[in-house]
Amino acid sequence: MVLLNDKKQDLTLKAVFKGADINPLVIQENGVTTLISDQKILYVYFEKALTFKTAEDFIKKFMSTIKYNLNIEVDTFKKGAEPNSHIFKALAEGTLYDLNDSYTLKTTKKAQKTYTINLIHNCDKAATVFEEIKIKMEFVNFARMLQDTPPNLMYPEIFAEKIANAAKGIANLKVTILDKKEIEKEKMGLLLSVNAGSYLEPRVVVLEYTGNSSSKEKVGLVGKGITFDSGGYNLKPSTAMAGMKFDMSGAAIVCSTVLALAKAQVKTNIAAVACLTENRIGGKATLTESVITSMNGKTVQIDNTDAEGRLVLADGITYAIRKLNVDKLIEASTLTGAILVALGKWLTGVFANNDGWYDRFANAAVNAHEGIWRMPILEEHTAVMRKTPIADLTNAESSRFAGSSTAAAFLCEFVEEKPYIHLDIAGTADTTDGRGTGVMIKTLFEMFKG
């Protein structure tokens, strides 16, 4: 339990910094804590002023070992920190992130004792900010749970049920779930082509939140929801199938974002479209070099069945534009291995067709303290995706050069000149030890909270 009040707990955590008048019993090693038992104070020593990242990294590590009720004197951590370091936010978010019960099916799991963490912060805005943080982190952790669930337990139908249940009781939030017959009626041919090899039906989950009836602007968030990706007939090698349950991370993130914004009752109008299917191999699976007609009407030659994410997203983008009448788009997907090569697991690749829309997003990322890097979409990237003699587009050009940019260029063919941002989260959606991160929810929340 995490609180924000002045009720005293068993111990108090305070930060001290190099150069200050420090109790000689305090161990002066960076990030190391010392308990002065007669004072009931835990001192943590730092060599220099904290940033958001160093504060968050410390508190996550510290919370993983906690065994007592605790006060945290936030103001002591802020000494020397630069303006907009958001130390309080870092400590609160890090605490809520790490104290969340990670998804597990271990039969040896022990019942965890619940500890009370009390953030003491003398700031007039602290209570308001804290309530916002609690809602935001509730849905970051919800997305992480969806991501971590094994693929035999998190297929399209179950994903849709989880979202519908999470949306219950939230005002001004409409949930629509399209089954296979309704998807066929909407002529979402690309999504259906990816689903063709699976015996489990696809789903499209649509969340529509109306928080500002006086505004006509409506933003669409579109998420890739491949609940497991085998590669289809362009079958992945066995080593590359590890982590493919995370291929639905984009869908988890966009749905969780709208749930958070709706629960916080922010003044914005926003919708999420999550396109959900497995990508299996089988007797009815789509063959390489098949030509499929999209919901948009454009024809696509499937030159690589393992480039399936862009196919379901293309239909999702069209649905958001033509059925939900959105004015602007942001889409999130674990789309390309190429972005992992370029940016590692440290930064999310961002592609945009509109500088103003990108700038708004980038400012939100700065305030949310999530790492991004803008990547290019050139005319040359678009040209190679159109270079196919039979169809309007190929889903995978043969050279595989600039693979993240050509994938983004393919998606831009379906946005109908709407301001559009593509987030390639293939590197940042999960950790090296196989856990979902809920990445970009904090940035998207920051962008639209008003």
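Because the model is predicted, local features are given only where pLDDT is at least 70 and side-chain atom pairs count only at pLDDT 80 or more, while totals for chains, interfaces and linings use all residues. Residues are numbered from 1 along each chain as its sequence is written, and side-chain values use heavy atoms, with hydrogens and water left out.

The protein is divided into domain 1 (2-124) and domain 2 (146-449), with bounds that come from an automatic or database domain assignment. The centres of domain 1 and domain 2, taken over C-alpha atoms, are separated by 36 Å. Where the two meet, 11 residues of domain 1 are in contact with 12 residues of domain 2, contact meaning heavy atoms within 4.5 Å. About 810 Å² is buried between domain 1 and domain 2, and carbon and sulfur atoms give 48% of that area; buried area here is the accessible area (1.4 Å probe) that two parts lose on being put together, summed over both. On the side of domain 1, the residues that lose the most area to domain 2 are Phe52, Tyr97 and Tyr103, which together account for 53% of what that side buries.

Charged pairs also belong to this interface. Three salt bridges are counted between domain 1 and domain 2, a salt bridge being a side-chain nitrogen of Lys or Arg within 4 Å of a carboxyl oxygen of Asp or Glu. Lys442 forms a salt bridge with Glu93, with the closest N and O atoms 3.0 Å apart. This pair links distant parts of the chain, as Lys442 is in helix α14 (residues 441-448) and Glu93 is in helix α3 (residues 87-99), 349 residues apart; helices (H or I, at least four residues) and strands (E, at least two) are DSSP runs, numbered from the N terminus. Both Lys442 and Glu93 are buried, where buried means under 20% relative accessible area, exposed means over 50%, and partly exposed lies in between (1.4 Å probe, protein chains only). The side chain of Lys442 also meets that of Glu56 in a salt bridge, at 3.5 Å from N to O. Glu56, Lys60, Glu93, Lys136 and Lys442 are linked in a network of salt bridges.

The structure as a whole holds 29 salt bridges. One of them joins Lys134 and Glu131, whose closest N and O atoms are 3.2 Å apart. Because Lys134 and Glu131 are three residues apart in helix α4 (residues 126-148), about one helical turn separates them. Lys134 is partly exposed, with a relative accessible area of 30%, and Glu131 counts as partly exposed at 42%. Another salt bridge joins Arg203 and Glu201, with the closest N and O atoms 3.0 Å apart; here Arg203 is buried at 13% relative accessible area, whereas Glu201 counts as partly exposed at 39%.

Helix α3 also holds Thr95, which is buried with a relative accessible area of 0%. Not counting residues up to four places away in sequence, Thr95 touches Val2, Ile59, Met63, Ile72 and Ile117. Ile117 is also one of the residues touched by Leu3, together with Thr116, Asn118, Leu119 and Phe130, under that sequence limit of up to four places. Leu3 lies in strand β1 (residues 2-3) and is partly exposed at 21% relative accessible area. Helix α13 (residues 403-412) is mostly covered, with 10 of its 10 residues buried, including Phe410, Leu411 and Cys412.

Phi of Gln265 is near 55°; Gln265 is in the loop between α8 and β10 (269-279) and is partly exposed at 37%.

Tyr233 is in the loop between β9 (219-229) and α8 (249-263), and at 35% relative accessibility Tyr233 counts as partly exposed.
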